[in-house]
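Trainee: I would like to go through the terms used for this fold. Please set each value against its definition.

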Amino acid sequence: QQAQQWLDQGLSVPRISINVSMQQFIQPNFLPQLMQTLTDTGLDPKRLQIEITESLLHQDPGGIASLFTALNKMNIQIAVDDFGTGYSNLSRLQAMPIDCLKIDRLFVRNIEGHKRNQAILSSMIAMAQGLELNVIAEGVETQVQREFLIQKGCYEAQGYLLSLPLDLEQTVDFLRQLQPADTASA
């Protein structure tokens with residue numbers, strides 16, 4: 001609802017990511033409630049990304065895959081959050097209709113001067129790219145981490161280097177800064 005209000009005010013609003021727990025996701029009324037919420041708010045589904053944990057990929061593969069497919073048909077993106085910290089079954093990852101891997105901060109935190117950690121992170125990025133998935137690095141806190149990620153082809157990140165957590169008013173100010181120069185006065 002807040003995202004749609006910001007859009008109605010002419011603000012540039014990036015895709016909204018929402019963490020959904022396994023218990024929420026497997027509820028029979030999850031999809032109908034999500035569809036109703038989108039209808040009620042008027043938010044375009046392509047502006048929404050659902051974040052699920054890696055462990056959800058191992059639950060009822062047929063049922064989860066059909067739910068993922070339904071979300072994809074609505075143009076809602078699916079991201080696997082905290083990737084690399086759970087039990088990674090690459091065949092499930094390849095078979096599921098997901099859009100994005102969010103690499104856990106654990107793999108980003110320790111790359112400075114650690115060849116093994118750099119190799120693991122590089123491999124995760126390359127794998128995501130090979131699967132034609134978007135990749136987002138979590139927990140980016142230093143310029144060295146940012147530059148390493150860019151060098152490896154990871155162009156999206158979240159972390160304190162980019163922004164501290166913001167309250168509502170600070171978020172509006174941040175979104176105003178994202179406005180293209182020619183529409184900021186409109």
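Mentor: Start with handedness: a crossing is left-handed if the near helix is turned anticlockwise from the far one by less than a right angle, and right-handed if clockwise. The crossing of helix 7 and helix 8 is right-handed. A word on the source: this is a predicted model, where local features need pLDDT of at least 70, side-chain atom pairs count only at pLDDT 80 or more, and totals for chains, interfaces and linings use all residues. Residues are numbered from 1 along each chain as its sequence is written, and side-chain values use heavy atoms, with hydrogens and water left out.

Trainee: What makes helix 7 oblique to helix 8?

Mentor: The axes of helix 7 and helix 8 (residues 143–152) cross at roughly 40° and come within 10 Å. Axes are lines fitted to C-alpha atoms, for helices over the stretch in contact, with angles from 0 to 180 degrees between N-to-C directions. Under 35 degrees counts as roughly parallel, over 145 as roughly antiparallel, 65 to 115 as roughly perpendicular, and the rest as oblique. Helix 7 is therefore oblique to helix 8.

Trainee: Which residues of helix 7 and helix 8 meet?

Mentor: Contact means heavy atoms within 4.5 Å. Gln-118, Leu-121, Ser-122, Ile-125 and Gln-129 of helix 7 meet Phe-148, Leu-149 and Lys-152 of helix 8. These contact residues divide into 4 nonpolar, 3 polar and 1 charged. Ala, Val, Leu, Ile, Met, Phe, Trp, Tyr, Cys and Pro count as nonpolar; Asp, Glu, Lys and Arg as charged; the others, Gly among them, as polar.

Trainee: How do you know that strand 4 and strand 5 pair?

Mentor: Helices (H or I, at least four residues) and strands (E, at least two) are DSSP runs, numbered from the N terminus. Two strands pair if DSSP finds at least two bridges between them. Strand 4 and strand 5 have 4 bridges, in the parallel sense. Leu-101 stands opposite Val-135 in strand 5. Strand 5 and strand 6 have 2 bridges, also parallel.

Trainee: Why is the crossover from strand 5 to strand 6 called right-handed?

Mentor: The name applies if, with the strands pointing away from the viewer, the path from the first strand over the helix to the second runs clockwise. Here the β-α-β path goes from strand 5 through helix 8 to strand 6, and the crossover is right-handed.
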